[in-house]
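Here's a quick tour for anyone meeting this structure for the first time. Have a look at the sequence and the 3D view, then read on.

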Amino acid sequence: MIKSMTGYGRAREMLHKRDITVEVRSVNNRYLDCTVKMPRMYTFAEDAVKQRVQQAISRGKVDVFITVDATAADVAKVTVNRELAAQYAAALHELAEVCGTSEYRAAPETLARFPDVLAVTKADEDLETVSGDLCTVLDEALAAYNAMRAVEGGKLAEDIGNRLTNIETYTGQVEARSPETVAEYRRKLTARMQEVLQSTTIDEQRILTEAAIYADKVAVDEETVRLRSHVAQLRTMLASDEPMGRKMDFLIQEVNRESNTIGSKCNDVAIAQIVVGLKAEVEKMREQVQNVE
C-alpha cells in the first residue's frame, strides 16, 4: 500500500545509561531532504543517522530531532600526576630539613591538596556503541513514523481509487456518446443538402464519404483506450509497497493530456460537459498524488 509523505514518529529508550529520545517528522517534497538536529557532542553519528533515514524514506522534507541525557553515563576517572606529586614531596622534605626535621615524610592526603596532583577526567566513550544506540532508537521512531504514513496512505489510496472509478465512468460515457455524434452529423449533413438541393437527388455516397471523414476526425478510440490503460496502471501502483509518487504523477499528466485531446477533438456539447467532469477528477487526483511518497 502506498504511503503518505507526511508523518510523525517518536521513540525513547534508556541504553547504556543514556536517556535517548528521537522524533521524526516530514512534509511533502519532490526529493528526500533530511535535516538532523542533535547535541554537538554526538554529531559524529550524523552520517549513520542519515543513512538509516535514506533506507526508510525515499522522498520528503524530513526533520530528525535527537536529545540525549547522559548524566548517568558520565563516569569520572581520577588520575595521579606522579611526577608533580614527587616534586611536591621532595620540596616538602627539603623544607623539613630547613626546619630541622630531616625525618619528615609528606603524607598522601597532604600531597592531594596541592593543585593538579589529582586530575578528574571523563572516561572515553565508545563512539561505535553510542552511534549504534542512537540508530536503535531512531529505528523505533521510524517504525512509528512509517505506521502513521501507512494509515494516511490508505486514506489517499481510497480517495484516488474513487476518482479513478469516476474517470472510468466518464470514459465510458465518452465511448457511448462518440458514435452518436457521427450519426447526428450525418443527419444534419443530409438535411442541409436536402435544403440546398431541394428536389434534386442527393448523392448518398457523398454523404457517406463526408460522414466517414468526420468520424475519423472526431474518433477518440485511441484516447479512451489509453485512458483505461493509465487507470489500470494507477490502480496497480496504489497496491504497491514501493514508493510510487513520481510514477503516479507522470501517469496523471498523461491522463490529463488524453482528456484535453478528447475535448479538442469532439465538437459536441455533451462530450464537452463530460470532459469538464473528467478533468475536474484528474485535477483533484493530482493534488492527492502530491502527498504520495
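A salt bridge here is a side-chain nitrogen of Lys or Arg within 4 Å of a carboxyl oxygen of Asp or Glu. Keep in mind that this is a predicted model.

## Salt bridges

By that rule, the count comes to 15 salt bridges. One of them pairs R226 with E222, whose closest N and O atoms are 4.0 Å apart. Both sit in helix α6 (residues 221–238), four residues apart, or about one turn of the helix. R226 counts as partly exposed because its relative accessibility is 34%, while E222, at 55%, counts as exposed.

Helix α7 has a pair of its own: E254 and R257 lie three residues apart there, again about one turn. Their side chains meet in a salt bridge at 3.3 Å, N to O. E254 is buried at 13% relative accessibility, whereas R257 is partly exposed at 49%. Salt bridges with shared partners also tie E222, E223, R226 and E258 into one network.

Then there's R163 and E281, whose side chains form a salt bridge at 3.1 Å, N to O. This pair links distant parts of the chain, with R163 in helix α4 (residues 127–197) and E281 in helix α8 (residues 269–289), 118 residues apart. Both R163 and E281 are buried.

Is N256 buried or exposed? With a relative accessible area of 17%, N256 is buried, because the cut-off for buried is under 20%. Leaving out residues up to four places away in sequence, N256 touches K279, V282 and R286.

## The four-stranded sheet

Four strands make an open sheet in the order β1-β2-β4-β3, with mixed pairing. β1 (7–15) and β3 (32–37) stand at the edges with a single partner strand each, so one side of each has no neighbour in the sheet. From one strand to the next, the twist averages 15 degrees.

β3 and β4 (residues 60–69) run parallel and are joined by six bridges. T35 stands opposite D63 in β4. Helix α1 (residues 46–56) lies across β3 and β4, running at about 145 degrees to β3.

## A nonpolar patch

Strands β5 (76–80) and β6 (118–122) each supply at least two of the patch residues. V80, which lies in β5, counts as exposed because its relative accessibility is 52%.

How values were computed:
Residues are numbered from 1 along each chain as its sequence is written. This is a predicted model: local features need pLDDT of at least 70, side-chain atom pairs count only at pLDDT 80 or more; totals for chains, interfaces and linings use all residues. Side-chain values use heavy atoms; hydrogens and water are left out. Buried means under 20% relative accessible area, exposed over 50%, partly exposed in between (1.4 Å probe, protein chains only). Two strands pair if DSSP finds at least two bridges between them. Axes are lines fitted to C-alpha atoms, for helices over the stretch in contact, and angles run from 0 to 180 degrees between N-to-C directions. Contact means heavy atoms within 4.5 Å.
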